[in-house]
Every structure is written in C-alpha cells, then in structure tokens.
Amino acid sequence: LRISRSSGRPDGTAVQPCGVASQRKATFPIPQVRGTTECRRHLRRHHHRVGLLSRILARAAGLSAQHSDAVAEAGALHDLGKLFVAECILENAGQLDEVELRIIRRHSIWGHLMLSRRHGPTFDLAARVALQHHECWDGTGYPFGLRGDEICIEARIVTICDVYDALRAPRPYKTGFFHDDAMARIIRGDERIRPTMFDPRLLDVFEQVQDACRVAIEGMDCDA
C-alpha cells in the first residue's frame with residue numbers, strides 16, 4: 001500500500017513522512033493485528049470517549065451539527081493503527097528506544113491506510129484524521145511535521161481531545177489524572193506536553209467547555 005492521495009496538506013500537494021522526503025512515494029506495509037482482548041477493549045473505550053469529546057469541542061468551535069457528528073465519527077477511529085502495534089510497546093512504562101518509537105509512530109499511517117480502503121466521506125475524513133492527529137500546531141509532530149493550518153481542523157480538534165482523555169485515563173503503567181490536573185498540563189504544559197502543540201483558538205474553546213467535557217466522560221468507564 002502507498003500513501004498516494006493528497007491527504008496530507010489542505011492545498012492538495014503531496015507530502016512525505018519525515019525522514020523520507022527524497023522519495024516520491026513511501027510504502028508502508030501493514031503488519032498483523034496485535035494485542036490482547038483487553039488491549040482492544042481499552043482502544044474501543046478510548047475511541048468512544050475521544051469521539052464524544054470531539055463532538056463537544058467541534059460544536060463549541062462553530063462547526064455545524066452535521067460536521068461535528070462527522071468529526072466525532074473520525075475521532076472514534078483515530079487510533080485504529082494501534083491495533084498493529086505490539087502491546088509490549090503500547091504498555092511500556094519507560095522510555096521507548098529508537099526502534100520502538102519508530103514503530104509506534106507508524107500507527108497513524110497504518111490507521112490511515114486501513115481507513116483509506118473504505119469509501120465514502122466518513123472514511124475519507126477518518127483516514128485524514130488518523131494520519132494527522134499527532135501533527136502539532138508548532139510543527140513538531142509526526143509523521144509529516146505539518147504546522148498550523150496545514151493540519152485539517154478536524155485533526156486539530158481530535159488532537160486536544162485525545163491528549164485530554166489519555167491524561168484522564170488510568171493505564172497499567174500510570175494512574176489517571178483528575179480533571180483539573182489534566183487541564184493544567186494541557187494549558188500550561190509539563191515535561192511531555194507543550195501548549196504550542198495545539199491550535200491556540202481551539203485550546204481557548206476547549207478551556208471554555210471543559211466542564212461539559214468533564215461531565216461527559218466522568219459518567220463513563222474511564223478505564224481508557
């Protein structure tokens with residue numbers, strides 16, 4: 001499979017993953033599905049919550065109800081590529097080595113390729129969001145190092161919601177943060193998160209609707 005569609009940049013120009021800029025097209029074979037039943041259960045719950053949060057943020061940011069529903073559907077598929085990453089990497093509590101980091105960063109491409117096999121506007125948007133949800137407003141993300149408005153607004157919405165839910169949810173290697181602590185880390189940053197990663201306008205909107213987001217997920221099973 002090849003990333004041959006102009007799904008990376010909004011102006012329709014083709015982009016290449018970081019490190020392979022000299023190639024005309026990059027080939028990324030999709031590995032076999034990995035992970036235990038519990039790992040898949042975690043992913044399903046995380047997807048559900050990110051989709052819910054994405055709808056709230058999208059509506060508050062001024063997107064139509066129909067567009068917000070589409071963002072929610074895309075958000076509920078954004079990490080599909082993690083099904084192809086070994087659980088020992090996903091659950092690693094320590095620092096990933098160079099090889100492990102390269103593998104886990106491929107999940108956005110694997111998810112994009114899987115969703116691109118389906119046809120229709122829902123899957124087109126979901127494929128684009130899966131590809132771009134680890135891109136950062138300040139250009140420090142992956143796989144393409146896009147910045148600012150080069151990243152589609154749907155992915156910029158999902159990025160904030162993804163980080164928030166990842167902070168809130170407990171995992172075998174960490175405890176979940178309370179809402180106020182998670183918001184402080186997103187807004188002010190910590191050793192891993194920088195506010196410059198996020199669209200500043202969307203970050204302001206997210207802060208305004210944080211209570212709605214908290215209420216929306218705290219009634220759910222937060223075993224992300």
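What covers the buried residues of α6? The views below take this up, starting with that helix.

This is a predicted model, with local features needing pLDDT of at least 70, side-chain atom pairs pLDDT 80 or more, and totals for chains, interfaces and linings using all residues. Residues are numbered from 1 along each chain as its sequence is written, and side-chain values use heavy atoms, without hydrogens or water.

**View 1. Helix α6 and its cover.** Helix α6 spans residues 121-132. Helices are DSSP runs (H or I, at least four residues), numbered from the N terminus. Among its buried residues are Leu125, Val129 and Leu131. Buried means under 20% relative accessible area, with a 1.4 Å probe and protein chains only. The cover includes α2, α5 (107-116) and α7 (153-168).

**View 2. The buried side of helix α2.** Ser68, Val71, Ala72, Ala74 and Gly75 are buried in α2 (residues 65-75). They lie on the same side of α2 because they cover an arc of only 165 degrees around the axis. The arc is taken from the directions from the helix axis to the C-beta atoms.

**View 3. Arg156 in helix α7.** Arg156 sits in α7. Arg156 counts as buried because its relative accessibility is 12%. Arg156 touches Trp137 and Asp199, among others, leaving out residues up to four places away in sequence. Contact means heavy atoms within 4.5 Å.

**View 4. The largest nonpolar core.** This core has 36 residues. A nonpolar core is a set of buried Ala, Val, Leu, Ile, Met, Phe, Trp, Tyr and Cys residues joined through side-chain atoms within 4.5 Å. Helix α7 gives the most to this core, with seven residues.

Key:
Buried means under 20% relative accessible area, exposed over 50%, partly exposed in between (1.4 Å probe, protein chains only). Helices (H or I, at least four residues) and strands (E, at least two) are DSSP runs, numbered from the N terminus. The expected span of a helix is 1.5 Å times one less than its number of residues.
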